[in-house]
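The sequence and the structure are shown first, and the description follows.

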Amino acid sequence: MGQRDQQDWARQRQRAIAAHAADQQRRRASEAQQAADLLADFVATARRHGIAAQHLSARPHHGRGRYRTGLHGWYLKSDRTLAVGTDGNLYLLTVPASLRSRLAGARVSPTEPRLVIGAGGRDGESIPLATLLDRRLAAGPGQSG
């Protein structure tokens, strides 16, 4: 293979890589939008059924205790590590342990919603977001997640 052929091949490979990355980004954005729509529907349905939002707290990655977050919403998992905020965002409620968080509360940013929670994780435990949302709605007003 001559130098020109190698350069052509390298350019074609770069274009293919870029096209693949763009396609992956489009699929991820589409999935995030579908998941966001599910979350918005959940918030509206929870409110309509009188399922009150509660103060959400976060826990440290390692260790015990809970940190205030200033967020309100509904826990989706019994270990209280995943919740939907009243703003319709999905929150992973584990944070680094710190004295500042213990005293002033933890700052938790929304996480990009996915249609399957835990997909690709090492523990092999994944569950569709829709299933978690349906379970929380089915639990009714008296349950906290």
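## Burial and basis of the model

Of the 145 residues in the protein, 29% are buried, where buried means under 20% relative accessible area, exposed over 50% and partly exposed in between, with a 1.4 Å probe and protein chains only. The protein exposes about 9500 Å², and carbon and sulfur atoms supply 49% of that area; accessible areas come from the Shrake-Rupley method with a 1.4 Å probe, and for residues only the protein chains shown count as cover.

The model is predicted: local features need pLDDT of at least 70 and side-chain atom pairs count only at pLDDT 80 or more, while totals for chains, interfaces and linings use all residues. Residues are numbered from 1 along each chain as its sequence is written, and side-chain values use heavy atoms, with hydrogens and water left out.

## Overall form

The protein contains 3 helices and 7 strands, arranged along the sequence as α-β-β-β-β-β-α-β-β-α. Helices (H or I, at least four residues) and strands (E, at least two) are DSSP runs, numbered from the N terminus.

The C-alpha trace spans about 70 × 40 × 25 Å along its principal axes. The radius of gyration of the protein is 21 Å, whereas a compact globule of 145 residues would have one near 15 Å; the value is taken over C-alpha atoms, and the globule rule is 2.2 Å times the number of residues to the power 0.38.

## Packing of helices α1 and α3

Helix α1 (residues 3-48) packs against helix α3 (residues 129-139) at an angle of about 5 degrees, and their axes are 10 Å apart. The two helices are therefore roughly parallel, a term for angles under 35 degrees. Axes are lines fitted to C-alpha atoms, for helices over the stretch in contact, and angles run from 0 to 180 degrees between N-to-C directions.

From α1, Ala35, Leu38, Leu39, Phe42, Thr45 and Ala46 meet Leu129, Ala130, Leu133, Arg136 and Leu137 of α3.

## Two individual residues

Thr69 lies in strand β2 (residues 67-75) and counts as buried because its relative accessibility is 15%. Beyond its neighbours within four places in sequence, Thr69 is in contact (heavy atoms within 4.5 Å) with Leu56, Ser57, Ala58, Ala106 and Val108.

Arg80 belongs to the loop between β2 and β3 (82-85). Although Arg80 is not a glycine, it has a positive phi of about 60 degrees. With a relative accessible area of 28%, Arg80 is partly exposed.

How values were computed:
Parallel < 35°, antiparallel > 145°, perpendicular 65-115°, else oblique.
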